[in-house]
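Let's walk through this structure together, one neighbourhood at a time. Keep the sequence and the 3D view side by side as you read.

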Amino acid sequence: MQNDVKGRNLDRRIAAALQLNGRAGWGAIARHVGASESTVLRRAAQLTESGQLRVIGVVDVLRCGLGVPVLVRARCAPGTVGDVAEAFAARPDARYVSVLAGSADCVAELVLPSYADLAEFRLPAGSSLLETETLAVIRTFTSNHDWNSGELGESAVTELRGGDARPFEEQHWESPPEKLDELDLAICAALGEDGRMSAKDLARQVGTSESTVSRRMDSLVRRGCLRFRTLAEPALFGFTVEFMLWLSVLPSALDAAGQQLAAHPATKYLSATTGRFNLAGQVVLRHHGELYRYTTDVVGALPGLQAADVTLQVKTLKRAWAPTPATRVNLENP
């Protein structure tokens with residue numbers, strides 16, 4: 001029993017280190033999690049094989065002019081939300097899908113070529129949608145790439161993440177879109193499958209030299225086109241409550257409220273959106289007992305707040321384009 005607890009604690013620390021830097025060296029990770037490099041490699045391989053942990057490269061679609069993200073809140077006929085969520089998750093343009101409890105039954109983040117494509121948005125016939133509400137993402141304050149689970153100390157954050165820990169989107173969101181060529185896109189596609197792929201293997205896969213691949217990858221990261229994200233369910237870090245937060249804030253206070261909420265350690269994702277809710281976020285808490293104080297003390301303290309809505313995430317089917325572990329099991333065992 002004691003060994004199991006120690007093993008789970010180590011797994012959590014390894015995942016937390018990769019959350020800070022998905023391409024961190026195993027030696028640096030071992031140093032910060034308090035285990036040998038061989039042990040870290042073995043545990044990380046087990047987590048990856050079981051589907052609990054995966055590092056991928058993620059392209060910032062807005063930064064690269066590759067599409068526009070929109071959040072779709074859906075209400076479904078009784079007993080059909082599972083089918084609706086699966087229909088959303090089956091769409092190749094769906095980046096995130098979750099079943100909710102509250103004022104909406106399901107939420108999906110879609111990446112469309114343009115806002116004009118919203119006119120063509122539809123799910124297959126018989127999907128039992130009663131109502132949809134679409135919110136276009138117009139600015140991201142912080143994203144899952146930037147989230148720190150708090151498992152490791154400041155020295156780990158400084159070494160693994162680097163000195164400039166400002167939210168990634170804060171550094172690039174107003175810059176003109178970047179243009180990616182065929183080699184850039186090939187590198188991003190390969191890293192989207194395996195974010196820890198070595199430069200040697202990456203060069204072989206895209207058909208160029210190792211030095212060229214290294215330069216291009218560094219350039220993509222520096223220009224804000226490419227980030228590395230560690231996919232791990234919040235429960236691995238000890239967070240049992242995950243929910244979507246929908247806020248209506250006075251336009252004059254939107255930036256201040258967004259910055260304030262993005263700085264809170266429970267905020268995994270926060271964006272400004274169009275529609276009746278102009279702030280939408282993903283939040284995690286350790287247990288349900290924290291939800292009341294979070295609502296009163298954190299949400300209630302936001303400047304310009306006019307209305308707030310909380311929808312609990314009952315089941316998440318897709319994150320960063322990838323099916324979650326539970327969803328993959330369902331796909332493999334229909």
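Ala-320 is buried, with a relative accessible area of 7%; buried means under 20% relative accessible area, exposed over 50% and partly exposed in between, using a 1.4 Å probe and protein chains only. You will find Ala-320 in the loop between S10 and strand S11 (322–323). Helices (H or I, at least four residues) and strands (E, at least two) are DSSP runs, numbered from the N terminus. Phi of Ala-320 is near 50 degrees, a positive value in a residue other than glycine. Most residues other than glycine have a negative phi. Trp-321 also sits in the loop between S10 and S11, and Trp-321 has a positive phi of about 75 degrees although it is not a glycine. With 31% relative accessibility, Trp-321 counts as partly exposed.

A word on what you are looking at: this is a predicted model, in which local features need pLDDT of at least 70 and side-chain atom pairs count only at pLDDT 80 or more, while totals for chains, interfaces and linings use all residues. Residues are numbered from 1 along each chain as its sequence is written, and side-chain values use heavy atoms, with hydrogens and water left out.

Now to the strands. Gln-282 lies in strand S9 (residues 279–285) and, at 4% relative accessibility, counts as buried. What surrounds Gln-282? Leaving aside residues up to four places away in sequence, Gln-282 touches a set of residues that includes Tyr-96, Asn-144, Glu-242, Phe-243, Tyr-269, Gln-313 and Arg-319; contact here means heavy atoms within 4.5 Å. Ala-136 has its place in strand S5 and is buried too, at 8% relative accessibility. Not counting residues up to four places away in sequence, Ala-136 touches Pro-69, Val-70, Tyr-115, Ala-272, Thr-273 and Thr-274. Ala-136 and Leu-118 are 18 residues apart in sequence and 9.9 Å apart in space, C-alpha to C-alpha.

Strand S5 brings us to helix H4. The buried residues of helix H4 (residues 81–90) are Val-84, Ala-85, Ala-87, Phe-88 and Ala-89. Their cover includes strand S2 (68–76), strand S3 (94–101), strand S4 (106–112), strand S5 (129–142) and strand S10 (305–319).

Next, look for the largest nonpolar core, where a nonpolar core is a set of buried Ala, Val, Leu, Ile, Met, Phe, Trp, Tyr and Cys residues joined through side-chain atoms within 4.5 Å. Which of its members touch the most others? Of the 27 residues in this core, they are Ile-14, Ile-29, Val-33, Leu-160 and Phe-237. Helix H1 (2–20), helix H2 (26–33), helix H3 (37–49) and helix H5 (154–161) each supply at least two residues of the core, and the largest share, seven residues, comes from H1. Phe-237 touches Arg-12, Ala-15, Ala-16, Gln-19, Trp-147, Ser-149, Ala-232 and Arg-286, again not counting residues up to four places away in sequence. There is also a second, separate core of 22 residues, which includes Val-249, Leu-270, Leu-291 and Leu-302.

Two helix pairs come next. Two packed helices are described by the angle between their axes and the distance between the axes. Axes are lines fitted to C-alpha atoms, for helices over the stretch in contact, and angles run from 0 to 180 degrees between N-to-C directions. Helix H7 (residues 182–193) and helix H9 (residues 210–222) pack at an angle of about 85 degrees, with their axes 10 Å apart. That makes H7 roughly perpendicular to H9 (under 35 degrees counts as roughly parallel, over 145 as roughly antiparallel, 65 to 115 as roughly perpendicular and the rest as oblique). Leu-183, Asp-184, Ile-187, Cys-188 and Leu-191 in H7 meet Thr-212, Val-213, Arg-216, Met-217 and Leu-220 in H9.

The axes of helix H8 (residues 199–206) and H9 come within 8 Å and cross at roughly 100 degrees, so H8 and H9 are roughly perpendicular to each other. On the H8 side, the contact is made by Ala-199, Lys-200, Leu-202, Ala-203 and Val-206, and on the H9 side by Glu-210, Val-213, Ser-214 and Met-217.

Finally, the cysteines. The structure holds zero disulfides, a disulfide being a pair of cysteine sulfur atoms within 2.5 Å. The sulfur of Cys-76 is 5.8 Å from the closest cysteine sulfur, in Cys-106, too far for a bond. Cys-76 is buried at 8% relative accessibility, and Cys-106 is buried with a relative accessible area of 0%.
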